[in-house]
Amino acid sequence: MHSAYGGQGLEDEDSGKMAQLQGRMGRNFQVMLDRSVPHIGRRWALFCVIVLIYLVRIYFLDGFYIVTYGLGIYNLNLIIGFLSPQTDPEADGPSLPTKGNEEYKPFVRRLPEFKFWYRSCKAFVTAFFMTFLSIFDVPVFWPILLMYWLMLFFMTMKQQIKHMIKHKYVPISWGKKQYGKGKGGGGAGGSG
């Protein structure tokens, strides 16, 4: 309703200020995320703390097993994306080198490490807040859910490892090879 005294104008002004505040908070959060990108160890340590807090809450509540099961399925999906190449060799043809004389192409993940970390953290935080709502505490026999999840995990990992072996890729990288460091100390030119 519009009033003769400008009541609608105050609501618009309040929503504009709220939008500005929300935008500023979103930008500050994005800056914090951008600054965390090179600190892989610290990010994963934070993830471990978040997981520990969630597990302690679940342990003491002795419930919310459906939420935990859904969280496990979601994280299993993220792990598969993290371990899979961006292009599927079965659908798109081989993009990774299969012979020694082919050009080296680095492994490009379908789900990059940072997105994997961010989505996992967001999932655990969301699940943590879901434990405050009793509607998500569905009574179930949790050992069956655990066995089903373990079965799903092992079957999926077996399939993923077969895919890795078939297409000859390793999704784990320990950094770029260093040449010229060792006993000889000579670089590409050799000694002489």
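Visitor: Where is the place of Leu-133?

Guide: Helices are DSSP runs of H or I with at least four residues, strands are runs of E with at least two, and both are numbered from the N terminus. Leu-133 sits in the loop between α5 (113-130) and α6 (142-167). This is a predicted model, in which local features need pLDDT of at least 70 and side-chain atom pairs count only at pLDDT 80 or more, while totals for chains, interfaces and linings use all residues. Residues are numbered from 1 along each chain as its sequence is written, and side-chain values use heavy atoms, with hydrogens and water left out.

Visitor: Is Leu-133 buried or partly exposed?

Guide: Buried means under 20% relative accessible area, exposed means over 50%, and partly exposed lies in between (1.4 Å probe, protein chains only). Leu-133 is partly exposed, because its relative accessible area is 46%. Leu-133 also belongs to a nonpolar surface patch of about 600 Å², made together with Val-125, Phe-129, Phe-132, Ile-135 and Phe-136. Patches are built from residues with over 30% relative accessible area and no salt bridge, where like charges are joined within 9 Å and nonpolar side chains (Val, Leu, Ile, Met, Phe, Trp, Tyr) within 5 Å.

Visitor: Which residues of the largest nonpolar core touch the most other members?

Guide: In soluble globular proteins, nonpolar side chains tend to be buried together. A nonpolar core is a set of buried Ala, Val, Leu, Ile, Met, Phe, Trp, Tyr and Cys residues joined through side-chain atoms within 4.5 Å. The largest core here has 16 residues, of which Phe-47, Tyr-54, Leu-71 and Phe-124 touch the most other members. At least two residues of this core come from each of α2 (40-61), α3 (65-83) and α5. Apart from it lies another core of ten residues, including Phe-82, Phe-116, Met-157 and Met-164.

Visitor: What is Phe-124 in contact with, leaving aside its neighbours within four places in sequence?

Guide: Contact means heavy atoms within 4.5 Å. On that basis, and with those neighbours left aside, Phe-124 is in contact with Phe-47, Ile-50, Val-51, Tyr-54, Leu-71 and Asn-75. Phe-124 lies in helix α5 and counts as buried because its relative accessible area is 11%. The C-alpha atoms of Phe-124 and Tyr-54 are separated by 7.0 Å, although the two residues are 70 residues apart along the chain.

Visitor: How many salt bridges does a search of the whole structure find?

Guide: Side chains of opposite charge can pair when their charged atoms come close. A salt bridge is a side-chain nitrogen of Lys or Arg within 4 Å of a carboxyl oxygen of Asp or Glu. The search of the whole structure finds one, and it joins the side chains of Glu-113 and Arg-43 at 2.9 Å, N to O. Since Glu-113 lies in helix α5 and Arg-43 in helix α2, the pair ties together parts that are 70 residues apart in sequence. Both Glu-113 and Arg-43 are buried, and the relative accessible area of Arg-43 is 3%.

Visitor: What else is Arg-43 in contact with, again leaving aside neighbours within four places in sequence?

Guide: Besides Glu-113, Arg-43 is in contact with Ser-36, Val-37, Phe-114 and Trp-117. A polar atom of the Arg-43 side chain lies 2.9 Å from the backbone oxygen of Ser-36.

Definitions and conventions. Accessible areas come from the Shrake-Rupley method with a 1.4 Å probe; for residues, only the protein chains shown count as cover. A polar contact is a pair of N or O atoms within 3.5 Å; within protein, one must be able to donate a hydrogen and the other to accept it, and residues adjacent in sequence count only if both atoms are side-chain atoms.
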